[in-house]
Amino acid sequence: MDGSVRMAIGALAKQTGTNVETVRFYERIGLLAAPTRSSGGYRQYQTQHVKRLSFVRRARALGFSIDEIRTLLRLGRHEESLSRLERGMDRNLLDWRTVA
């Protein structure tokens, strides 16, 4: 399943074991990004939504509150940014060493 796979809300709910109304709720409160819509207005979810919703469900099962999950998701984005920055710094350092 790649990022281009599109699925309806029912398929996402079934794949993650989540109630359809819970999926909509998580969208409304910002835990799950709004998906693209078909020309008919239907939600079209991708792999990233499956991963994110699965993470949220696991965190809820472990007893994390919604606010705590928001924090974890923010930390995850921050960590990804730091990793990209570090990789860029490593490349720049290697480039500088070859010039020096």
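1. Which pattern does the protein chain follow when read along the sequence? The order is α-α-β-β-α-α. The model is a predicted one. Its secondary structure comes to four helices and two strands.

2. Overall figures for the chain. The protein chain has 100 residues, of which 23% count as buried. Among contacts with a separation of 6 or more, 47% are between residues 24 or more positions apart.

3. Helix α3. This helix covers residues 47–61, 15 residues in total. After α3 comes G63, which has a positive phi, near 100°.

4. Burial along α3. Which residues of α3 are buried? They are T47, H49, V50, L53, V56 and A59. As background, an α-helix has 3.6 residues a turn, so residues three or four places apart point the same way. V50, L53 and V56 are among the buried residues of the helix.

5. Packing of α1 on α3. Two packed helices are described by the angle between their axes and the distance between the axes. Helix α1 is formed by residues 9–16, and its axis comes within 10 Å of that of α3, with a crossing at roughly 45°. The crossing of α1 and α3 is right-handed.

6. Residues between α1 and α3. On the α1 side, L12, Q15 and T16 take part; on the α3 side they meet H49, V50, L53, S54 and R57. By class, this contact of α1 with α3 comprises three nonpolar, four polar and one charged residues. H49, V50 and L53, named here in the contact with α1, are also among the buried residues of α3.

7. Packing of α1 on α2. Helix α2 runs over residues 20–28; α1 and α2 pack with their axes 9 Å apart, at an angle of about 105°. The two helices are therefore roughly perpendicular to each other, since angles of 65 to 115 degrees count as such.

8. Residues between α1 and α2. From α1 the contact takes I9, G10, L12 and A13, and from α2 it takes V20, V23 and R24. By class there are five nonpolar, one polar and one charged residues in the contact of α1 with α2. L12 of α1 is named in the contact with α2 and also meets α3.

Note on methods: Residues are numbered from 1 along each chain as its sequence is written. This is a predicted model: local features need pLDDT of at least 70, side-chain atom pairs count only at pLDDT 80 or more; totals for chains, interfaces and linings use all residues. Side-chain values use heavy atoms; hydrogens and water are left out. The expected span of a helix is 1.5 Å times one less than its number of residues. Buried means under 20% relative accessible area, exposed over 50%, partly exposed in between (1.4 Å probe, protein chains only). Axes are lines fitted to C-alpha atoms, for helices over the stretch in contact, and angles run from 0 to 180 degrees between N-to-C directions. A crossing is left-handed if the near helix is turned anticlockwise from the far one by less than a right angle, and right-handed if clockwise. Contact means heavy atoms within 4.5 Å. Ala, Val, Leu, Ile, Met, Phe, Trp, Tyr, Cys and Pro count as nonpolar, Asp, Glu, Lys and Arg as charged, and the others, Gly among them, as polar. Angles under 35 degrees count as roughly parallel, over 145 as roughly antiparallel, 65 to 115 as roughly perpendicular and the rest as oblique.
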